[in-house]
Protein chains: 4
Amino acid sequence: MRPDRFHEECAIFAIYGHPEAAKLAYLGLYALQHRGQESAGICASDGRRLVCRKSMGAVADVFTEPVLAELGGAAAIGHTRYSTAGSSAYLNAQPFTVECNKGQIAMAHNGNLTNAIELRRELDAAGSIFQATSDTEVILHLVARSRERTLPAALREALLQVEGAYSLLVLSEKQLIIARDPRGFRPLAMGVLALDGVECPVFASETCAFDLIGATYTGEVEPGEMILVGPEGMVRERFAPEQPRSHCVFEHVYFSRPDSTVFGRPVQQSREMLGRLLAQECPADADIVVPVPDSGVAAAVGYADEAHLPYRVALIRNHYVGRTFIEPSQAIRDFGVKLKLNPVRSLIDGKRVVLVDDSIVRGTTSRKIVRMVRQAGAREVHLRISCPPTISPCYYGVDTPSKEELIASSHSVEEIREYVEADSLGYLSMEGLRQAVTDTDNRYCYACYTAHYPTDLVGIEALLQSGDRRR
Amino acid sequence: MRPDRFHEECAIFAIYGHPEAAKLAYLGLYALQHRGQESAGICASDGRRLVCRKSMGAVADVFTEPVLAELGGAAAIGHTRYSTAGSSAYLNAQPFTVECNKGQIAMAHNGNLTNAIELRRELDAAGSIFQATSDTEVILHLVARSRERTLPAALREALLQVEGAYSLLVLSEKQLIIARDPRGFRPLAMGVLALDGVECPVFASETCAFDLIGATYTGEVEPGEMILVGPEGMVRERFAPEQPRSHCVFEHVYFSRPDSTVFGRPVQQSREMLGRLLAQECPADADIVVPVPDSGVAAAVGYADEAHLPYRVALIRNHYVGRTFIEPSQAIRDFGVKLKLNPVRSLIDGKRVVLVDDSIVRGTTSRKIVRMVRQAGAREVHLRISCPPTISPCYYGVDTPSKEELIASSHSVEEIREYVEADSLGYLSMEGLRQAVTDTDNRYCYACYTAHYPTDLVGIEALLQSGDRRR
Amino acid sequence: MRPDRFHEECAIFAIYGHPEAAKLAYLGLYALQHRGQESAGICASDGRRLVCRKSMGAVADVFTEPVLAELGGAAAIGHTRYSTAGSSAYLNAQPFTVECNKGQIAMAHNGNLTNAIELRRELDAAGSIFQATSDTEVILHLVARSRERTLPAALREALLQVEGAYSLLVLSEKQLIIARDPRGFRPLAMGVLALDGVECPVFASETCAFDLIGATYTGEVEPGEMILVGPEGMVRERFAPEQPRSHCVFEHVYFSRPDSTVFGRPVQQSREMLGRLLAQECPADADIVVPVPDSGVAAAVGYADEAHLPYRVALIRNHYVGRTFIEPSQAIRDFGVKLKLNPVRSLIDGKRVVLVDDSIVRGTTSRKIVRMVRQAGAREVHLRISCPPTISPCYYGVDTPSKEELIASSHSVEEIREYVEADSLGYLSMEGLRQAVTDTDNRYCYACYTAHYPTDLVGIEALLQSGDRRR
Amino acid sequence: MRPDRFHEECAIFAIYGHPEAAKLAYLGLYALQHRGQESAGICASDGRRLVCRKSMGAVADVFTEPVLAELGGAAAIGHTRYSTAGSSAYLNAQPFTVECNKGQIAMAHNGNLTNAIELRRELDAAGSIFQATSDTEVILHLVARSRERTLPAALREALLQVEGAYSLLVLSEKQLIIARDPRGFRPLAMGVLALDGVECPVFASETCAFDLIGATYTGEVEPGEMILVGPEGMVRERFAPEQPRSHCVFEHVYFSRPDSTVFGRPVQQSREMLGRLLAQECPADADIVVPVPDSGVAAAVGYADEAHLPYRVALIRNHYVGRTFIEPSQAIRDFGVKLKLNPVRSLIDGKRVVLVDDSIVRGTTSRKIVRMVRQAGAREVHLRISCPPTISPCYYGVDTPSKEELIASSHSVEEIREYVEADSLGYLSMEGLRQAVTDTDNRYCYACYTAHYPTDLVGIEALLQSGDRRR
């Protein structure tokens with residue numbers, strides 16, 4: 001169940017060569033809002049000048065007709081993000097647009113650099129000034145300080161200095177540049193949008209953005225690849241030596257939309273398989289299978305199918321949940337959860353229920369849902385989680401709670417079961433997870449389940465010791 | 001699939017005796033927004049004075065902290081509605097609050113009076129002035145003109161003059177009055193909210209509003225019943241002679257939330273049974289059953305269960321659909337539908353699909369969805385509708401399209417099938433519908449499927465001839 | 001010095017026969033905002049239908065391009081008002097638009113009916129319902145209940161029942177009707193706007209509205225006159241027997257703009273003469289004459305001229321005073337006045353100052369200004385008021401404080417002088433006031449200075465006893 | 001007559017050591033809005049962290065209670081500015097806040113650097129990135145790149161590299177630094193606000209800001225002076241070698257409020273003297289003296305006094321002029337001016353009028369006013385300007401039109417007279433101007449009247465040749 005759990009930093013979208021570039025970027029971002037809808041920005045180029053508009057708020061609120069009308073030109077990049085709270089929120093909204101000796105540059109970034117602190121420290125010492133706390137600004141400074149004469153060369157040089165996760169869009173007056181880190185942590189899909197016989201290249205975090213605008217998915221931006229798109233066409237090149245891949249498995253477990261293809265694999269297939277394997281590994285003597293909406297739906301369908309148990313939509317979402325909701329001062333038990341979910345007593349009453357969700361973070365929400373189901377008359381509640389216990393935070397662009405807040409980092413499965421007040425609790429095994437995403441050749445990062453990080457985390461660890469966790 | 005199809009005029013909520021009356025009304029309306037979210041209003045009484053706040057917009061937008069803070073007092077009524085377009089929108093927002101010889105009165109109304117035009121004509125002739133076009137104002141005029149001295153007596157007299165559908169909330173400085181038309185067209189549930197040993201009466205269009213605030217459903221406001229709630233307690237009385245009941249069956253087919261109990265029956269049970277009977281009546285040689293979200297979900301689960309076919313969530317909703325969405329000027333085929341739905345190709349490709357929806361109105365949306373599913377690779381698309389063909393408009397509070405716009409009013413099932421481009425099309429029978437809602441004693445109105453209206457429609461017909469359809 | 005002193009209820013404007021009627025109404029209201037800028041409304045007719053838009057806020061905020069675009073048609077009436085606080089504010093915004101047996105009618109009103117309470121009581125008893133507390137609604141009810149068949153006849157009948165002050169604009173689909181009470185309490189000027197050889201009639205509270213749109217002032221709407229403007233042209237007729245005139249003298253003293261002609265006389269002439277006569281009646285042995293901006297400017301110029309003293313602009317206004325200004329919590333002495341005025345020390349220091357203002361209400365603001373001038377170094381401060389002491393409230397459309405709040409109702413001039421801490425205090429005499437407005441034949445109402453009201457005030461007095469002062 | 005003529009870039013305000021620092025900055029900016037009201041910003045420090053809030057809009061709109069509540073701490077700097085149009089508007093809003101190796105720094109700046117282009121070119125080459133086009137960012141880069149270890153030392157080093165006009169406020173976590181360019185182009189006053197026996201230093205562009213908050217003016221920040229304010233107290237030091245002074249004379253002619261003391265001299269005294277000398281130099285055989293409001297008021301009073309002619313307020317301003325005003329599409333002659341001014345016919349008719357204004361820029365507005373006065377019946381119109389002809393743009397922080405747009409740069413006084421259709425036209429002489437501001441020792445800059453600039457303008461000229469005039 002979203003949100004208050006994990007937060008993806010952002011979604012990105014780019015298009016080149018279409019007379020309505022900004023409007024299509026807007027539509028693309030619209031389809032990607034499950035990845036973050038607290039700020040939105042688009043930067044467009046008409047070949048001579050970049051114009052950037054960004055603001056706090058959901059895509060459809062930020063981009064009204066007059067705002068879109070200011071974003072002329074045939075190339076555009078867009079960004080939508082989960083917003084950090086507080087004063088830096090606006091400053092960190094993307095795309096980030098600056099002027100430097102490489103000209104006007106706009107940059108939009110999904111991911112997290114693991115050596116951003118060191119780099120920033122060096123830049124700081126050398127006299128750079130920073131507006132915001134984003135990694136994007138670090139990359140921009142590296143580009144500006146590069147002795148290379150061209151933007152692509154300077155960007156290449158800059159990216160060879162950064163470590164961690166980045167799916168990156170760069171727009172200059174004349175050029176769109178796409179780059180992805182050598183391990184391919186975060187997704188970045190490529191497609192084409194046909195327009196009067198011409199094929200405009202498009203790029204997006206997930207393919208569901210292509211579906212909305214009628215573009216066709218053609219493959220992944222390869223890890224370690226840089227793609228240059230300009231008036232003369234498109235050039236793809238490798239800018240970094242090959243490294244093992246580390247695709248974020250949590251994209252398949254939770255983040256991405258089930259109708260997207262991510263890392264080349266349809267998310268829906270992974271998710272259904274997660275449910276099937278979960279049913280095999282953790283069966284339950286029960287009457288019905290109920291998903292925790294919306295995150296548990298696909299896995300619950302798989303579980304029910306595999307277990308030959310009836311699938312029942314017995315938790316109903318209250319739509320229209322706004323951020324500024326006013327809570328009653330007379331305490332209503334479990335109110336926050338009630339605001340989001342309501343059980344269907346007629347389905348649950350007297351039943352032994354398998355409840356399927358995608359993860360347990362602090363355990364508090366899961367407990368409230370288990371109680372809610374029990375109060376609706378369930379005789380037994382069997383909680384099934386479609387991945388292994390989450391024990392360690394992510395440093396590659398997912399905004400997980402800290403280790404201390406992750407119940408599974410310090411509690412056994414039985415202790416968690418007791419805490420959430422379920423009759424039984426089952427997690428999918430690591431093996432099951434690998435199988436569900438068909439990871440036969442170690443292409444995925446499982447660090448949040450194993451605490452084995454595929455890269456060094458020197459800077460991050462220094463930061464953690466200083467107590468100031470970084471976004 | 002909502003919306004652009006049928007529109008419920010509104011939802012209503014009332015509470016008496018609670019120190020946070022307005023806030024609970026706000027929460028109640030929040031849970032009822034699927035019935036209309038274009039305007040929202042609450043009127044509260046502190047025992048001496050009514051204060052009313054209403055505005056265009058969704059409940060959470062209209063009622064901010066400062067606005068709620070102005071609504072002090074222990075009694076409140078609330079209203080949220082689907083808004084008619086244009087200039088009269090604000091004027092028609094409810095509750096309607098006036099002063100007259102019966103004191104200050106606020107009124108909120110769900111339904112439609114079938115003799116409102118005649119009544120208005122008479123009032124008009126007698127010198128009444130009208131601000132808006134709502135039926136509520138007609139009732140208020142009748143109350144004000146009544147020779148009766150008390151508000152309840154005047155309201156009784158007024159209601160005996162009106163015909164049609166009304167679930168009505170009336171608030172004066174000292175009293176809350178609830179009334180429901182003798183046929184019980186529209187739902188109106190009653191419950192209690194316990195507070196420190198005292199039980200506050202609550203009333204709502206659907207019981208899901210009770211669930212959110214932790215109130216307990218105790219039964220229906222009876223058709224033809226008036227309930228007076230005041231400092232001395234609650235009095236229930238019959239104000240109109242008994243008549244046959246005419247509960248709106250469409251509440252069970254489509255409007256109400258599946259987690260609500262409506263007309264005394266859990267909606268989920270009806271909806272699952274609609275799917276099961278549909279599977280029996282209109283089986284399909286297919287591979288998977290796919291609901292059109294969100295309206296087709298419960299029926300699709302029933303269908304899949306009964307047909308022993310796998311249930312698959314293969315149409316994904318784009319959330320965050322705003323009203324002011326900017327469409328691309330480069331025409332994208334079926335864009336409006338894409339904005340709301342995206343097919344999951346990996347589930348659909350190569351499959352024979354049973355698509356379950358709750359109704360077909362004009363046929364255009366259904367055709368777009370059938371095409372979308374086919375484009376996602378479906379080998380066959382079998383459309384199944386969980387009720388009979390909709391052939392006639394509603395005059396009892398549902399904002400259906402006119403007869404001309406209803407494809408089934410002029411086309412055979414086979415013609416519709418051809419139009420929507422499905423391989424087969426099946427509707428549930430009238431008999432199946434009756435059975436699904438367990439209507440053994442003719443308690444429901446099926447006029448939209450049969451064109452047999454349970455009441456006279458003199459005024460309405462006159463109006464229809466004049467071409468100015470009334471809300 | 002404005003405001004917090006006297007409030008004019010409103011300004012009105014009408015135009016007939018111009019393709020941009022609503023836009024010209026908007027401009028007219030714009031020029032009249034000194035009479036009230038808390039709500040604004042315009043109702044336009046395209047010959048078939050009235051459309052009304054009104055809202056809280058200043059004219060330029062309420063009427064944006066899209067709002068004006070909705071107000072098509074060649075006839076329009078507009079209203080801007082000083083808003084009463086609290087919940088009824090929006091409901092009382094004008095024009096008031098209703099439907100009744102005389103068709104659609106919009107009404108905008110400047111003034112106050114002295115028998116509104118009795119009329120309302122009767123209407124109430126007869127079953128009328130009221131949305132708001134405005135007198136306008138009373139007139140509308142009388143019109144609707146009239147047995148007369150035509151709107152003009154019904155309006156005539158209605159107006160013969162009301163007493164007090166009204167300058168009234170009425171718009172129906174086909175017709176614009178203008179009426180003014182038989183005593184002519186409130187101003188109402190008439191003009192023509194030439195457009196391609198056609199002359200469109202225009203009506204406004206003050207002629208400065210004509211100046212802005214390039215219209216020419218042609219005279220007054222006569223007291224007791226009704227003017228019918230329609231497709232066939234304009235008809236002027238007397239609807240009420242002749243009565244003595246009672247023009248509000250305070251329009252010349254304070255309300256109207258100095259560049260307006262009001263009651264047929266240029267306001268600037270009156271105001272300069274007020275200052276001259278004040279100098280004759282209450283000379284001062286001083287060095288400079290300083291106006292309290294902006295209300296004292298014209299009288300101060302007259303005073304300085306007459307007294308052969310230098311006129312000095314030694315109190316500077318802080319512009320941009322908004323209503324929602326946030327005050328410092330650390331108390332700053334006389335802060336509210338500081339926010340509006342700042343003295344020019346270099347002009348005042350060491351000088352004997354004559355301070356000219358248009359009135360003293362409670363005395364508190366005057367005291368703050370006297371202190372401020374003294375702190376800026378004035379050796380002596382001689383306060384001169386360009387009218388007699390205000391001792392009694394107005395019941396004809398000016399929102400004066402209650403009698404208790406008027407310092408001059410209970411204090412002698414010497415006591416007031418002591419309270420405001422001036423070295424001397426002089427008021428203009430009644431005789432001077434009459435002379436300044438050239439009132440040779442008793443055409444003016446001086447009730448606020450004399451407590452002699454030209455009409456019965458039965459209803460008002462009843463109300464006053466009940467303690468609920470009416471707007 | 002303001003505006004559309006000259007634009008001051010901004011106003012600045014600082015306070016240190018007061019628990020309500022941000023609120024007082026807000027009040028200070030409020031009093032300074034005549035210098036620019038299109039964007040407003042405040043940055044406050046609580047000793048550990050800077051928080052900055054800025055936005056497009058007037059001070060009272062930007063700073064609502066919740067926004068001010070976020071600005072805790074005892075030190076604050078504020079800025080309000082005339083906004084350049086277009087996309088860079090928000091980015092250029094001040095204060096500018098960054099992080100660098102000198103810590104967190106906020107900067108607010110009034111003035112214009114004449115070598116900003118060269119400096120920016122160098123920084124650019126060295127790899128600096130720029131968000132905006134403001135000079136402030138250039139200074140921040142110089143500070144960040146300085147090898148000096150402390151902020152004051154780095155700032156000193158930076159300021160020794162810049163040329164032109166700057167009155168500068170710098171806030172770090174612990175310190176407030178004030179600096180002013182060696183010639184003292186722009187004003188910067190110093191004062192103290194007493195609070196419970198402690199005296200908090202305050203700084204502002206004009207002393208009227210001190211008056212509003214009850215602070216006392218103590219003198220000027222000296223040209224070439226840097227003032228360090230911190231927990232240990234205040235240190236004043238000279239950071240640049242002494243240079244001749246170049247105070248902007250236009251502050252006395254037009255910009256500053258008459259109640260301010262600027263460059264140590266009360267503005268009102270200068271302005272009255274401008275009028276007196278103008279009367280001596282350019283007498284007119286006339287009946288009345290009329291100021292063009294509000295800029296011509298003080299000079300007109302001086303003129304009238306000196307000429308022994310009656311002063312008459314015969315042009316009335318329409319208040320409430322908003323930026324988004326909707327003009328009538330049916331052209332109304334001289335509409336823009338009418339929106340702002342209306343003549344008082346009763347004062348003007350048949351008279352020979354001396355019209356006093358502070359300057360003529362393009363001549364178009366002056367012509368409209370002359371025509372307006374003539375249409376109101378003036379027999380003769382004698383235009384008098386209280387300074388010499390404006391022939392050359394300002395490069396020190398005043399946003400004058402380009403040389404081509406200045407009518408006096410290419411036309412003789414007689415030609416201008418003809419263009420503005422006045423019967424006679426008189427400008428004050430340079431000698432008169434010097435005398436009015438008592439400039440006995442060449443302390444003022446008169447470049448806009450003489451085209452003799454007190455500093456080199458190498459960068460500016462290069463820029464001008466490239467056609468891209470810089471703000």
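Is C:Ala106 buried or exposed, going by its C-beta neighbours inside 10 Å? I counted 29 such neighbours for C:Ala106, so it goes down as buried. The cut-offs I used: a residue is buried if 20 or more other C-beta atoms lie within 10 Å of its own, exposed if 12 or fewer, and partly exposed in between, with C-beta atoms placed from the backbone.

Notes on the model. This is a predicted model, in which local features need pLDDT of at least 70 and side-chain atom pairs count only at pLDDT 80 or more, while totals for chains, interfaces and linings use all residues. Residues are numbered from 1 along each chain as its sequence is written, and chains are lettered from A and ligands numbered from 1 in the order in which they are written.

Entry: C:Ala106. I found C:Ala106 in strand β6 of chain C, residues 103-113. Strands here are DSSP runs (E, at least two residues) and helices are DSSP runs (H or I, at least four), numbered from the N terminus. I then listed the contacts of C:Ala106, leaving aside neighbours within four places in sequence: C:Cys43, C:Leu50, C:Cys52, C:Ile77, C:Pro95, C:Phe96, C:Thr97 and C:Leu171. Two residues are in contact if their C-beta atoms, placed from the backbone, lie within 7 Å. I also took the C-alpha to C-alpha distance from C:Ala106 to C:Gly184, which is 22 Å for a separation of 78 residues in sequence.

Entry: A:Tyr396. I looked up A:Tyr396 in the loop between β21 (380-385) and α15 (413-420) of chain A. With 26 other C-beta atoms within 10 Å, A:Tyr396 is buried. Beyond four places in sequence, A:Tyr396 is in contact with A:Gly111, A:Asn112, A:Gly164, A:Ala165, A:Phe185, A:Cys248 and A:Cys445. A:Val381 is 15 residues from A:Tyr396 in sequence, and their C-alpha atoms are 35 Å apart in space.

Entry: α10 and α11 of chain B. I compared helix α10 (residues 267-281) with helix α11 (residues 297-307); their axes come within 7 Å and cross at roughly 45°. Axes are lines fitted to C-alpha atoms, for helices over the stretch in contact, and angles run from 0 to 180 degrees between N-to-C directions. α10(B) and α11(B) are therefore oblique to each other; angles under 35 degrees count as roughly parallel, over 145 as roughly antiparallel, 65 to 115 as roughly perpendicular and the rest as oblique. The crossing of α10(B) and α11(B) is right-handed. A crossing counts as right-handed if the near helix is turned clockwise from the far one by less than a right angle, and left-handed if anticlockwise. The contact includes B:Arg271, B:Met273 and B:Leu278 of α10(B), and B:Val301, B:Tyr303 and B:Glu306 of α11(B). I sorted the residues of this contact into ten nonpolar, four polar and five charged. In this sorting Ala, Val, Leu, Ile, Met, Phe, Trp, Tyr, Cys and Pro count as nonpolar, Asp, Glu, Lys and Arg as charged, and the others, Gly among them, as polar.

Entry: chains B and A. I found 51 residues of chain B in contact with 51 residues of chain A. Among the elements giving two or more residues to the side of chain B are α1 (21-31), α3 (65-69), α8 (208-213), α10 and α11. The largest share, five residues, comes from α1(B). By class, this side of chain B has 28 nonpolar, 14 polar and nine charged residues. I superposed chain B on chain A with a rotation of 180° and 0.0 Å of shift along its axis, at RMSD 0.0 Å. That is the relation of a two-fold axis. Of the contact residues of chain B, 100% recur in chain A, and the same surface serves both copies.

Entry: chains A and D. This contact takes 17 residues from chain A and 17 residues from chain D. On the side of chain A, β5 (96-100), α5 (116-125) and α6 (135-145) give two or more residues, and α6(A) has the largest share, four residues. I sorted that side of chain A into eight nonpolar, six polar and three charged residues. A rotation of 179° with 0.0 Å of shift along its axis superposes chain A on chain D, at RMSD 0.1 Å. A:Ser128 comes closest to the rotation axis of the residues of chain A, at 3.4 Å (C-alpha).

Conventions: Least-squares fit on C-alpha atoms with pLDDT ≥ 70 in both.
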